[in-house]
Amino acid sequence: MACCKEIRSSSWIYPTLVLCIYGFFSMMRPSEPFLTPYLTGPDKNLTINEVTNQVFPVWTYSYLVLLFPVFLITDYLRYKPIISLQ
């Protein structure tokens with residue numbers, strides 16, 4: 001218990017640790033292995049080639065595009081409103 005009190009009393013270790021834990025759990029996506037079979041199912045009418053070459057690249061690059069404004073907004077507003085919004 002003394003270890004937890006020491007971490008909380010530090011000005012930067014505790015918020016950094018909480019943000020790292022939050023980032024880990026927010027980026028953990030247990031549904032991703034099931035996404036390709038879902039998108040290539042009979043009700044979605046997509047081929048594996050379309051999913052691989054058209055859907056996934058847009059998804060990946062959209063995260064990259066949104067990374068920069070979210071980073072700047074997070075630094076400006078601090079982390080609590082962004083975590084609450086997400």
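Residues are classed by relative accessible area as buried (under 20%), exposed (over 50%) or partly exposed in between, with a 1.4 Å probe and protein chains only. The model is predicted, so that local features need pLDDT of at least 70 and side-chain atom pairs count only at pLDDT 80 or more, while totals for chains, interfaces and linings use all residues. Residues are numbered from 1 along each chain as its sequence is written, and side-chain values use heavy atoms, with hydrogens and water left out.

The pLDDT, the predictor's confidence in each residue from 0 to 100, averages 77 over the chain, and 79% of the residues score at least 70. Helices are DSSP runs of H or I with at least four residues, numbered from the N terminus. Among the elements of the chain, the mean pLDDT is lowest for helix α1 (residues 2-9), at 59, and highest for helix α3 (residues 35-39), at 87.

An unreviewed UniProt entry lists residues 12-28 and 58-77 as "transmembrane region"; such annotations may be inferred rather than shown by experiment. Residues 12-28 are 88% helix, with end C-alpha atoms 24 Å apart. Residues 58-77 are 100% helix, and their end C-alpha atoms lie 28 Å apart.

Helix α4 (residues 48-77) reaches 41 Å from its first C-alpha to its last, close to the expected 44 Å, the latter being 1.5 Å times one less than the number of residues. A kink of about 30° lies at Leu 67, shortly before Pro 69; the bend is the angle between axes fitted to the seven residues ending there and the seven starting there. Arg 78, with a positive phi near 75°, follows α4.

How values were computed:
Helix = DSSP H or I, 4+ residues; strand = E, 2+ residues; numbered from the N terminus.
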